[in-house]
Amino acid sequence: MIDTLPGPVESNDAIRLALRSWPEVEDYLKRCKGVIIPLGSTEQHGPTGAIGTDALTAEAIALDVGKRTGVLVTPAQAFGMAEHHLGFAGTMSLQPATLLA
């Protein structure tokens, strides 16, 4: 049984899942089952806003939480349900059923 979180780390690199080898992840999972998955849409934010705002924000928050807790953070998933933004160039949207699966 896992009683505690791994604990704070000094750098973001220490909690980025993408930078770990599979044996490192296997060892981590013996101590902690938690993984943070940042999820944010790629959609318009007005004529001057970056279309990656949601995913970038989700990743920044996830990395901060991961650094404070030692929980691994996956790469940001830059997809959401943004059908109402499909009229704007650059929008990527998943069907609700796909996102929930």
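Glu24 pairs up with Arg20 in a salt bridge, with 3.3 Å between the closest N and O atoms. The term salt bridge is used here for a side-chain nitrogen of Lys or Arg within 4 Å of a carboxyl oxygen of Asp or Glu. Both partners sit in the middle range of accessibility: Glu24 is partly exposed at 38%, and Arg20 is partly exposed at 27%. For this and what follows, buried means under 20% relative accessible area, exposed means over 50%, and partly exposed lies in between (1.4 Å probe, protein chains only).

A word on the model itself: it is predicted, so local features need pLDDT of at least 70 and side-chain atom pairs count only at pLDDT 80 or more, while totals for chains, interfaces and linings use all residues. Residues are numbered from 1 along each chain as its sequence is written, and side-chain values use heavy atoms, with hydrogens and water left out.

The salt-bridge count comes to four. Another of them joins Arg31 to Asp27, at 3.6 Å from N to O. These two residues belong to helix α1 (residues 22–31) and are four residues apart, about one turn of the helix. Helices here are DSSP runs (H or I, at least four residues), strands are runs of E of at least two, and numbering goes from the N terminus. Arg31 has a relative accessible area of 45%, so it is partly exposed, and Asp27, at 40%, is partly exposed as well.

Asp64 is partly exposed at 36%, whereas Arg68 is exposed at 58%.

As for α2 as a whole, its 17 residues reach 24 Å from first C-alpha to last, close to the 24 Å expected at 1.5 Å a residue; the expected span is 1.5 Å times one less than the number of residues. Its buried residues are Ala55, Ala58, Ala62, Leu63, Gly66 and Thr69. Seen down the axis of α2, these fall within an arc of 140°, so they line one face of the helix. The arc is that of the directions from the helix axis to the C-beta atoms. They pack against β1 (35–36) and β2. On the other side of α2, the exposed residues are Leu56, Ile61 and Arg68. Just after the helix comes Gly70, with a positive phi of about 85°.

Thr74 turns up in the loop between β2 (72–73) and α3 (96–100). With 12% relative accessibility, Thr74 counts as buried. Neighbours within four places in sequence aside, Thr74 is in contact (heavy atoms within 4.5 Å) with Leu17, Val35, Ile36, Ile37 and Pro38.

Ile37 lies in the loop between β1 and α2 and counts as exposed, at 56% relative accessibility. Together with Leu29 and Val35, Ile37 makes a nonpolar surface patch of about 240 Å². Patches are made of residues with over 30% relative accessible area and no salt bridge, with like charges joined within 9 Å and nonpolar side chains (Val, Leu, Ile, Met, Phe, Trp, Tyr) within 5 Å. Accessible areas come from the Shrake-Rupley method with a 1.4 Å probe, and for residues only the protein chains shown count as cover.
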